There are 2 protein chains.
Amino acid sequence: YIMNGTGNLMDFLDEPFPDVGTYEDFHTIDWLREKSRDTDRHRKITTKSKESYWELIKSLLDAWSGWVVMLLIGMLTGTLAGVIDLAVDWMTDLKEGVCLSAFYYSHEQCCWTSNETTFDDRDKCPQWQKWAELMTGHSEGAGAYVLNYFLYVLWALLFSFLAVSLVRVFAPYACGSGIPEIKTILSGFIIRGYLGKWTLLIKTVTLVLAVSSGLSLGKEGPLVHVACCCGNLFCSLFSKYSKNEGKRREVLSAAAAAGVSVAFGAPIGGVLFSLEEVSYYFPLKTLWRSFFAALVAAFTLRAINPFGNSRLVLFYVEYHTPWYMAELVPFILLGVFGGLWGTLFIRGNIAWCRRRKTTLLGKYPVLEVIVITGITAVLAFPNPYTRRSTSELISELFNDCGALESSQLCDYVNNPNMSRPVDDIPDRPAGPGVYTALWQLALALIFKIVITIFTFGMKIPSGLFIPSMAVGAIAGRIVGIAVEQMAYHHHDWIIFKNWCRPGADCVTPGLYAMVGAAACLGGVTRMTVSLVVIMFELTGGLEYIVPLMAAAVTSKWVADAFGKEGIYESHIQLNGYPYLDVRDEFTHRTLATDVMRPRRSEPPLAVLTQDSTTVEDVETLIKDTDYNGFPVVVSRESERLIGFVQRRELTVAIKTARQKQDGVVSSSVVYFTEDNPQVAEACDPQPLKLRRILNLSPFTVTDHTPMETVVDIFRKLGLRQCLVTRSG
Amino acid sequence: YIMNGTGNLMDFLDEPFPDVGTYEDFHTIDWLREKSRDTDRHRKITTKSKESYWELIKSLLDAWSGWVVMLLIGMLTGTLAGVIDLAVDWMTDLKEGVCLSAFYYSHEQCCWTSNETTFDDRDKCPQWQKWAELMTGHSEGAGAYVLNYFLYVLWALLFSFLAVSLVRVFAPYACGSGIPEIKTILSGFIIRGYLGKWTLLIKTVTLVLAVSSGLSLGKEGPLVHVACCCGNLFCSLFSKYSKNEGKRREVLSAAAAAGVSVAFGAPIGGVLFSLEEVSYYFPLKTLWRSFFAALVAAFTLRAINPFGNSRLVLFYVEYHTPWYMAELVPFILLGVFGGLWGTLFIRGNIAWCRRRKTTLLGKYPVLEVIVITGITAVLAFPNPYTRRSTSELISELFNDCGALESSQLCDYVNNPNMSRPVDDIPDRPAGPGVYTALWQLALALIFKIVITIFTFGMKIPSGLFIPSMAVGAIAGRIVGIAVEQMAYHHHDWIIFKNWCRPGADCVTPGLYAMVGAAACLGGVTRMTVSLVVIMFELTGGLEYIVPLMAAAVTSKWVADAFGKEGIYESHIQLNGYPYLDVRDEFTHRTLATDVMRPRRSEPPLAVLTQDSTTVEDVETLIKDTDYNGFPVVVSRESERLIGFVQRRELTVAIKTARQKQDGVVSSSVVYFTEDNPQVAEACDPQPLKLRRILNLSPFTVTDHTPMETVVDIFRKLGLRQCLVTRSG
């Protein structure tokens, strides 16, 4: 039991108080204290391990527990991600039809098992029947279309109603993407239950429902939350992690990496995401363990193989054509678009969320979800690009048009007497299908932009990675096709002359879609390195890293010009969590003396003296103020600092003493000194010695310390409080 | 001009002293102070930028200068790496022969330009002549062999003599790998000239000579040093970086990333190497910029294309066969080997270096280099695997035996009636060539192990990445071939039954070589994430990351069991640099009061008082002690701390005052108070006011603070000193 921030008083302890050393809900932890508690624990184990073989084994188990936790987190996260993928796949298809051979098959699985299908009509197989066909026997015609339309909307409403009800009833913390809250928790804040078992269960189930309902949201952000819940779950198995909030946060950082790893199939990107975006305290040991957890998760997911192609994500791609310097211009334009989209989205979404909080709207979250789902489903069905799931859309937009591609986007006019290998198809004029697709994509773009702003922040699990990427991918594909056709029809222009001879394959519209997706994601989240690395792992080639980077940098600069905060920081601020951003620069020139409390006009600082305060005085002080702790000084006259005592521990100590220790009454003097006080007269009340709860090494700065230094100290050391002194 | 650590006294300044704010050689910088100086600079520019357009443009240029520096570093590093690669290639081949068509062609380039060659005999072309052939006309026979042998040794001796002489005469800092010193510099130490222009030039030239001489050393470590020199060079172009030691170190961290990026063709691995291995202070901004610099460097190198295959390194590989769970056993054994090698190397090398320092040996570095080169060349020539350059050896060992491979290592007994695609060759029995190769490899392994221990640390540029990887690759390839043959001949054994049917391609010896290389590198350097990521970028597939990781983890654990320190930390300790390792855990239970100076038995602390010390007293104090600074207290009787004054600034201030200020004599009183002292009598000497050099916000801890907290504060805030107080 360590009673104070730095554990230097362990020897003085005789009776442990209950509850000391834990934190209250919605309070901030003291990193230095957690760290020194862990060092003490470690030291104790090391000393003990020399005593017997059993203790040695226990100490080895303790040293290994970190790796075991990572292994378990990786495996559970990977499994959950696989299950979610499979369930989403099935339920998304359920909105359109059902598999006759087995109702739990998705469209694709249904047609796999059917032996009759050839490659060309793999989407059409007798076992898979749309609802209208199943119910009326007609698969064509207006009646069937309307029936399908109606059932699509109905299923969507059902799914989203279930999702929002489950969240409301069982786990209110399961809503949203969870990343803002996880950032806050990792920075040292305590939100009990946010990473609990119920949240894990409900979030997993409702995530499937929400994504399947066709709303404009993704599963990637919530997967990070799910992974962190797993992390928290396994922490409770080992006292090393469950009893130390600092160590627990190391595990959660690694869990976040595992979450991103399975969300994008990018283990290295996941670790960098955790490092860059969510984590606060990230020692090198955690880096290595995060990497391990991310890899285990990725391999578990691969073993489950939800997409049947041994890829971890639906939108993994491989390109075969290089890019040219001149293409950097459209790439940078896509970056500008991404930045503008990021600004628009953040401003629009925050304004809407604020409105939701302050007006009547927020009172009926179920109704809101139902209405938005209804609008989404009604508008989405007629357009083939919004009807399907968003990841499938992104996957199609990223794809290069190979020879066997049957998509409408690949409806180019083929040169009949052409015989080339599959991978090397020259640029061709666009066919009517491509032009239809362009119009539909443009409509889908506007629809996605508007609906996403209203969707993110509703009371269901909702991530914004996928919708943002979809917006960017649509815009990018449109630009890509435009550039391609321009290059085909005008290959005598100067800019095209050098790199785009007739009959050559010089523009890859899929690459434009990917660059656009990176730009839009960057604009919204302001990720940099991790974004590029995630995209790099999706394409698997160093070749395309420069376009991605150009777009990501441009998008970040454009978006930063309109406002420094990403969507997560904005939501943290909106919710009023205490978060000290590492990246904020402190530009004011103030000294500690200007910002410390109490201000000059306020009453003097509430202090305790080391040997002249009575129990009653202390109790009055606790009642009258709401400070979290009080400095202890030599005496009122000579206010030289001795130490700092926590309000919580003071309360507990006095209460316990009054109950258990004889002779402690209201007029007893509280002593914080080292020597035993000499009781002058026998009739005097028994003194109360409280040196053991006194933190003898409080953190101090002088009143002349500039605030930027103070902020730096708070950030780097993770302090809860800091005392300002002048000449001691 | 900011005179003190925290810049809070800028307003009080009237006359700037020269030299204040810089550091002496072999001193440590104060990170907090550098940071606050930069904040002040930034603030000034922001204020000014509102005044006029010209200032606005200047402020934008200032904001962009970071990116410009990164671009320049990337380009120069990439170019230098390309030039080094080309030069090494040419000079290594020069030891064997010369190209008749153009003497500056390497063997490979020479045979490219020759049109007659087919793929099979691409190593044999008439233009390329060995020395014996050129001089005597005979290419075969004992005489020619001896002549070639003799000239090989002669060239090697010439190259290494040139290298060591150049280092001795022009730039003594150019020797070694440089990474230990760079780690120390990045942690805040100052070694003037270590990253200077001369060092850059001489290191580049001598690196080429040293590698070409055939010594068992690599160019990878020194490339990091070269990149950091480039970084330092470009820092001097911008006052933002040249005048701030903290900002300069951010640039150097990025430069180190660029160095590794070109050394291994692994930009992400480079950034992680910089983060994990060399850097001390690595804010997120630096992460992004490092990534940029690393990418620019990689693309510059690719544009130069030194290996003619648009790969950045010689040993890039692609494997086609998956690995099986059972293979983890040999992989982990390779990990154990790597750990043992790491321990052996570090202990042997450190012992040898210590011997060199203390005995006569160190007095004749030129002779030492010559002797080692002679031994290396004499022993290396007869064995074909040690004769060639080490990177070529690694490249051959990593390679999978394709159908067209002509290497001796791929001399398998072919099944004549086999017609398979190139990539899918089943396991075959080994031919006589493979058995010869195995013996030669075993000899090469012993030779490399012994000679590398003596080579690293000589007075020439020498990296240990490549020799370590070579040791591991040889061991790995031997194990790989053994497993392959066992699987072929005993495919009815239980372990092989499941995954190694006859006629299947189930073991890739090249992968074993790569795993071995990773294990050995990990054992020596104790890298973890960055090692795996670098290897991942070399193979380009997520597939093989698990074997690499298993080997890296095992190797680290085994090596850590014998000693916690990697080779760089050991060399830092050997050279006595002040380096506070972030990873060291502080396990003793001491308080600040136990370790602070002066100890209880020593004379009391040397302090200055705020208003009663005379100039003479101060001068005596400076003369008598060698402390870097002195605390200032209220008075001798009441030793309450006011501030801290640096020795250097105190000396300068008194000197300047004596010269310029009238009436300052030895008996003048030095005042550190804020108010002007009242001069009581006219005959009194003029007081000297020195409050402006007083740091009013020194860092303090109480005497009860546990040492682990103090160490943590020093590490995280980068302090130079910390004052211990009791009750103020």
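Where is R526(A) found in chain A? R526(A) sits in the loop between α20 (509–525) and α21 (529–539) of chain A; helices here are DSSP runs of H or I with at least four residues, strands are runs of E with at least two, and both are numbered from the N terminus.

Before going further, a word on the ground rules. This is a predicted model, in which local features need pLDDT of at least 70 and side-chain atom pairs count only at pLDDT 80 or more, while totals for chains, interfaces and linings use all residues. Residues are numbered from 1 along each chain as its sequence is written, chains are lettered from A and ligands numbered from 1 in the order in which they are written, and side-chain values use heavy atoms, with hydrogens and water left out.

**A positive phi in each chain**

The phi of R526(A) is near 60 degrees, which is a positive value in a residue other than glycine. Most residues other than glycine have a negative phi. R526(A) is also buried, with a relative accessible area of 5%; buried means under 20% relative accessible area, exposed means over 50%, and partly exposed lies in between (1.4 Å probe, protein chains only). In chain B, R526(B) has a phi near 60 degrees too, and its place is in the loop between α20 (509–525) and α21 (529–539) of that chain. R526(B) is buried, with a relative accessible area of 5%.

**Aromatic rings**

A search of the whole structure finds 44 aromatic pairs over all chains. Rings of Phe, Tyr and Trp (its six-membered ring) pair if their centres lie within 6.5 Å; planes under 30 degrees apart count as stacked, over 60 as edge-to-face and the rest as tilted.

| Pair | Centre to centre | Angle between planes |
|---|---|---|
| W155(A) and F159(A) | 5.6 Å | 40 degrees |
| W341(A) and F345(A) | 5.2 Å | 35 degrees |

W155(A) and F159(A) are separated by about one helical turn because they are four residues apart in helix α5 (residues 142–170) of chain A. W155(A) counts as partly exposed at 22% relative accessibility, whereas F159(A) counts as buried at 4%. W341(A) and F345(A) are likewise four residues apart, in helix α13 (residues 328–358) of chain A, and so lie about one helical turn from each other. Both W341(A) and F345(A) are buried.

Ring pairs also reach across the two chains: W64(A), W67(A), W288(A), F291(A), F292(A) and W557(B) are linked into a cluster.

Arginine meets phenylalanine as well. R387(A) lies over the face of F381(A), 4.2 Å from the ring centre, and the charged end of R387(B) sits over the ring of F381(B), 4.1 Å from its centre. A charge sits over a ring if NZ of Lys or CZ of Arg is within 6 Å of the ring centre and within 35 degrees of the ring normal.

**Core and contacts**

Which residues touch the most other members of the largest nonpolar core? Of its 310 residues, they are F291(A), F398(A), F291(B) and F398(B). A nonpolar core is a set of buried Ala, Val, Leu, Ile, Met, Phe, Trp, Tyr and Cys residues joined through side-chain atoms within 4.5 Å. Leaving aside neighbours within four places in sequence, F291(A) is in contact (heavy atoms within 4.5 Å) with I268(A), V271(A), V529(B), V532(B), V533(B), I545(B) and M549(B).

In chain B, A473(B) belongs to helix α18 (residues 465–489) and counts as buried at 0% relative accessibility. Not counting residues up to four places away in sequence, A473(B) touches L397(B), F398(B), A513(B), G516(B) and A517(B). The C-alpha atoms of A473(B) and A518(B) are separated by 8.4 Å, though these residues are 45 apart along the chain.

**Strands**

In chain A, strand β5 (residues 629–633) and β6(A) pair in the antiparallel sense over five bridges; two strands pair if DSSP finds at least two bridges between them. V632(A) has G643(A) as its bridge partner in β6(A), and V633(A) stands opposite L641(A). Strand β3 (residues 608–609) of chain A pairs with β5(A) in the parallel sense over two bridges, with V632(A) as the bridge partner of L608(A). Five of the five residues of β5(A) are buried, so this strand is largely enclosed by the rest of the structure. Strand β6 (residues 641–646) of chain A is also largely enclosed, because six of its six residues are buried.
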